Structure formats: structure tokens, C-alpha cells
Amino acid sequence: MNTSTVSQAKPKAARWRGDEASGWLFALPHLILFATFVLGPVVYGFYISLHRWHVLSNSHPLVGFSNYSAALSDDIFWIALRNTIYFVLLVVPLGNLVSLSLALGLSSIKRFKTFYTVAFYLPVVISIAVVAVLWRWLYNTEIGLLNMYLSATVNGLRGLGLPLAAYQPIPWLSNPSWVMPSIALMSVWWGAGGNMVLYLAGLNNIPDDYYEAALIDGANPWQRFRNVTWPLLKPTTLFCLVFSVLGAFQIFGQTYVLFAPGSGPARSGLTLALYMYQQGFSQYEIGYGAAIAYLLFAIVLILTVIQFQLLAGSERAARRTAKAKA
Amino acid sequence: MKIFRRTQWWLHLPMIVMALLFLAPLGWMLSTAFKSPDDIIKGLGALRWWPNPVTTENFTGVLSKIEEFPVWQWTGNSVFISLAATALVLTVDSLAAFAYSRLQWRARDRVFSILVATMLVPGQVLLIPSYLLIRNLGLFDTYGALIFPAGAGAFGVFLLRQFFMTIPVELEEAARLDGCGPMGVFRNVILPLSKPALATLGIFTFMGTWNAFEGPLIFTDSLSMRTLPIGITIFQGRYNTEYGPMLAAATLAAIPVVIAFILFQKQIIKGISLTGLAGR
């Protein structure tokens, strides 16, 4: 879905008298809700971020951008930003790799597709509260399923005479350096099915002719993937990447529930959204909280613009190559 | 024919392994929920999946502390809010999508591009201002605080507009010549032909509202206004290390969406590509 071309596309329809008024009328119910709960808050939130604003106090003086400069010199803000970026860097590549691999697998088999699709998509429909409660149990250092199986595997291999050290249980959620990888693994399990369906739709949109042409040229499966699938799937890939990054930057529920509602050992699970929540709804400093939210917005916006430009650039390049080949 | 010339039976091997890995956590959740406290510890060393004995004590335990954990109230809240939000979204979004795809009005494309642009705004930017707004509107800690914001997003309008645009203009022209106004075209031509798209949006909205986390956390306050996902965290706060009851509660919250998904999975998976959500 390329939003820039979509919004420019003008559906053609006959022009009828009275459409001017009914256009507004039909759009109105949604527009009222949209203006109240989306557009209004976007503007109002920026206004709040320019004030020293405590929920319980009656006066909230205008302080300009000092909430922003306070955030930028706040060590905890930088911890939250670093943790968030670390999470994004872990979950976006890994998640998309898993989603694409599953989609490629699904598109290459005939039977039991429904079973596999349901299995991979099932976690997507479950609430993050349930997911986090469940994984906190799986991640239990002493009696969690993951360490149990890993230790059984290592012991089994030792039994076969492999020179392995005795298994040390992984402190999934109690050691700061394991916290983000653990959250990322859980998030991949939770979300991979969503992008998988998008990749699958993208794969199905590639016409068979291209593969047949490649086959005639004597291309092997890897070459067919490299020269047909990968370039033609690029719009889907970039769409998935853009929205994965957008979603990953907003990580909140995972750490909120896992560390109910703290931020993990040594703040290792503190993310930007969680820090905004703590400032806004635990400390009631909503001016400062709103400033953090807008910094998050700015980062995400810059990254999205960069990614859309990459998308446009790669489409141009793909068209050039296609032309050159023809 | 895709990457491979024939279907590759050996691919079922990695696919089965992956499917089992994806299903295992849910299986373990069910298994733990039906185990006795003793069995949870004892069964672990042997990695026993089948509870011995199978017990429903965790579920009855969860459901017996109604004072502290009004599970039925939370379930009722989740059901009502999700149904109401779905009805609201389907109504306002289909009307709006009709205006943006089928009617000619001067500000149309400019208004629509504002809608699309806001789809890139992170939800968290809206939380603090919406919280103040909801307080000032007197909606705080009411169902309205969770229902109305759900109907404000641009996603559904975008999705339905994409679908409405694929309906041939000729059908609309015929209806107009028969004397239908915009409302007549909407009701007699567009809506009946858009059932798959409406069903998809309806299912997405229902599941999205059912699982919503940040809104119910921030816009409600009293125990009786909470939804199931927030109820789970309240439960966890109290039964931090009692995994049996906790996973029984998690199972109760997960079952309705899991059943809804399995019933409608064809519709959901098809709907995603059908409505042009995929990389186009």
C-alpha cells in the first residue's frame, strides 16, 4: 500500500447535483469523532507539551520548549530511548525475516495451508496482557518451560558424550542484558503472523509469467528468488518494514505487563512509551509526558520519511533495471 | 508455480516444526491452567504436558473471588465495548468511505489526505491530550471513553474506500438513473456489494477493541469499568507467583478471540489481501 499514490488517485465517478453537500454530510459523523479524538488531541498534545502542567494544579504556565530540553538532558530519557532503539533493532529484522520465511514456505506447499496459517496467526489475535503473562511463566528462570527444555537438550547432548558445560539457566527477565532480547523474542512470536499474511499476499501478486521466464533462462530456485521474488516483493517488504518500525517504537504493553508495571531490572525494560506513561500518569507531569510523546513522534516521523524515500528510490531503480532487461 | 517448480513435500518438515513452536506456548498455557499447584511443579521436571490430574480448580478459584476480581463484569464490559465499537466503526466509516470514494465534493481529497497522514501518528501521542479531553467531556471511567475514540481512526475509512473504489461506476449510474440519491446508491448498491470488506473491518475492530490495552488502562479507573486485558494485570499484581490461577485467567481472556479467529480465519486472512491492505 503506497499511501502517496493512493491519496492522489481520484476515483472517477459521474458528477451529480447535490454531491457537494452530501459529501460533507456523509463524511460528517466520522469527521466529528476524528476531529475530537485524533486531530484535536494531536494539536492539543503539542500545546500541553509547551507548558509546565501538573494534573492536580490549577495553573499551568507556558514554558516554551523547556520540557523538551529537560527531556534531552534527562538521563532516564536517554536510557528509555536507547532501550527502545535496541528493541526496534532486534525485533524488526528478526520479525520480518521470520514472517517472510513463513510466507515463502506457505507459498511453496499445497496441503495443510489452513492449519499452518492458523498456527502462525493465532498469537496475533491474543491480547498483549495474556501474551506477557504467559511468557513470564515460560521465561521463569527456575521452573520456566524454556529453561527446562534447554537444560534437557544440553544434558541429552552431554549424555551422548559431547564435551559441553553443565547448563546454566538463562535469566531471561532478571538479568538486564537479557531483558530486551527476551521481550523481542516474545514480540516476534506475538506479531510474526501479521506480516506473514502481508508477505503472502505480496507473493501471490507476483505473476507466474516472471517465474516461467526465469525458468526458461535456466534459473535455479535461489536465482528465481533473488531475481524475481525479491525485487518484485520490495514494495511489500518496505511497507512491512515501515509499519514494523512504527509499531516497534511504540512498545508499551510488553514491559508494562512483564514487570507489572515497573520497568525491569536496572530499568532495562524502560521504553519511551512507558516513560511517557510514568511521567504522565504516575507522576502526573503531563506537560513533560507530552513532550516525550512528541519526541517519539518526531523520531518515528523522520524514520518513516527516510523509509518512504528508500521505497521511492528502490521503485525507480527497479523500473530502470526492468527497462534495461527489456 | 512459484520459486519451486513443483510443490516441495520436504518443506512440511520445517513448517511443522515452526507450527509446533508457535502453538507450544498456547498449549502450555492450557496445560498449566488445568494443573494442580503440586502438578505444576512436579510435572515440570518430566516436561509433562498432560495435567495429572486434570483439574478445574484454577478456573473456579479465579471465578470465586468475584468481589476482588469481577471477571464476569470485565467480560461483559469487553463484550459490550467491542460490539458497540464495531457497530460505530462500521456505521461512520462506511458513510465516510462512501463520501471519499463515490461523491464529488471540492474539499474531498484534501480532507482525505489529512486522514491518511494521521495514520502515521503514534497512538501514544494522543494519550495525554485524550485523557484531559475525556475528563473534560465527562466521559472518564465510562464506556464512552473506550467506544468513541475507537470510531475516530482513519484506518477503517481508508480500508473501505479502497474497496468501494473497485465497484464499477456503471452500477452506480444505473441506480442514479432509476432515481436513487446518494443515500439510495449507498444502501442499495455499495453496501450489499461490500459485505466481505465490511465483515473484515468488523472482525478487525472487534478483536482490536477486545485486546486494547492502553485506552482501558488510562481512560478507566474503577474496578467495575475495567476490561479483561486490564483485569489480567490486576490479577497478576495479586497472584504474582501462582501460575495456575494466573494462566486460568489468561485462558479465559484469550478463548473468545481465539474461537472467533478460528471461526472466521478464512475471512480474516482473505480480507487482508482482498481489501488491498497488502503492499500495493
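Student: Which residues touch the most other members of the largest nonpolar core?
Tutor: V130(A), L134(A), I292(A) and A250(B) do, in a core of 168 residues. This is a predicted model.

Student: Which helix gives the most to this core?
Tutor: Helix α8 of chain A, residues 176-204, with 15 residues.

Student: Back to I292(A). What does I292(A) touch, leaving out residues up to four places away in sequence?
Tutor: The list is A71(A), F77(A), L272(A), Y275(A), M276(A) and Q279(A).

Student: What is the secondary structure of chain A?
Tutor: Chain A has 13 helices and zero strands. Along the sequence the pattern is α-α-α-α-α-α-α-α-α-α-α-α-α.

Student: And how much of chain A counts as buried?
Tutor: 44% of its 326 residues. The C-alpha atoms of chain A fill a box of roughly 75 × 75 × 35 Å along the principal axes.

Student: What share of the contacts in chain A with a separation of 6 or more comes from residues 24 or more positions apart?
Tutor: Such pairs account for 70% of those contacts.

Student: Let's take a helix pair. At what angle do α4 and α10 of chain A pack?
Tutor: At about 140 degrees, with the axes 9 Å apart; α4 covers residues 75-107 and α10 covers residues 221-249.

Student: Why are α4(A) and α10(A) called oblique?
Tutor: An angle has to be over 145 degrees to count as roughly antiparallel, and 65 to 115 is the roughly perpendicular range. The angle here is about 140 degrees, so α4(A) and α10(A) are oblique to each other. The crossing of α4(A) past α10(A) is right-handed.

Student: Which residues meet there?
Tutor: From α4(A), the residues are T84(A), F87(A), V88(A), V91(A), V92(A), G95(A), N96(A) and S99(A). On the α10(A) side they meet C240(A), L241(A), S244(A), V245(A), A248(A) and F249(A). By class, this contact has nine nonpolar, five polar and no charged residues.

Student: Switching to the contact between the chains. How many residues does each of chain A and chain B give?
Tutor: Chain A gives 97 residues and chain B gives 97 residues.

Student: Which element of chain A has the largest share of the side that touches chain B?
Tutor: Helix α2 of chain A, residues 19-49, with 21 residues. By class, the chain A side divides into 67 nonpolar, 22 polar and eight charged residues.

Student: Now α8 of chain B. Why is α8 of chain B described as largely enclosed?
Tutor: Nine of the 10 residues of α8 of chain B (residues 155-164) are buried, so this helix is largely enclosed by the rest of the structure. The buried residues are G156(B), V157(B), F158(B), L159(B), L160(B), R161(B), Q162(B), F163(B) and F164(B).

Student: What do the buried residues of α8(B) pack against?
Tutor: They pack against α2 of chain A, together with α4 (71-102), α5 (108-118), α10 (182-193) and α11 (195-211) of chain B.

Student: And how many residues of α13 of chain B are buried?
Tutor: Eight of its 11 residues (228-238), so α13 of chain B is also largely enclosed by the rest of the structure. Among the buried ones are L228(B), P229(B), I230(B) and F235(B).

Student: What is phi for Y284(A)?
Tutor: Positive, about 65 degrees, although Y284(A) is not a glycine. Y284(A) sits in the loop between α12 (272-282) and α13 (286-325) of chain A. With 15 other C-beta atoms within 10 Å, Y284(A) is partly exposed.

Student: And what is phi for D141(B)?
Tutor: Phi of D141(B) is near 65 degrees, a positive value in a residue other than glycine. D141(B) lies in the loop between α6 (123-136) and α7 (144-147) of chain B. D141(B) has 17 C-beta neighbours inside 10 Å and counts as partly exposed.

Note on methods:
Residues are numbered from 1 along each chain as its sequence is written. Chains are lettered from A and ligands numbered from 1 in the order in which they are written. This is a predicted model: local features need pLDDT of at least 70, side-chain atom pairs count only at pLDDT 80 or more; totals for chains, interfaces and linings use all residues. Two residues are in contact if their C-beta atoms, placed from the backbone, lie within 7 Å. Helices (H or I, at least four residues) and strands (E, at least two) are DSSP runs, numbered from the N terminus. Ala, Val, Leu, Ile, Met, Phe, Trp, Tyr, Cys and Pro count as nonpolar, Asp, Glu, Lys and Arg as charged, and the others, Gly among them, as polar. A nonpolar core is a set of buried Ala, Val, Leu, Ile, Met, Phe, Trp, Tyr and Cys residues joined through C-beta atoms within 7 Å. A residue is buried if 20 or more other C-beta atoms lie within 10 Å of its own, exposed if 12 or fewer, and partly exposed in between; C-beta atoms are placed from the backbone. Axes are lines fitted to C-alpha atoms, for helices over the stretch in contact, and angles run from 0 to 180 degrees between N-to-C directions. Angles under 35 degrees count as roughly parallel, over 145 as roughly antiparallel, 65 to 115 as roughly perpendicular and the rest as oblique. A crossing is left-handed if the near helix is turned anticlockwise from the far one by less than a right angle, and right-handed if clockwise.
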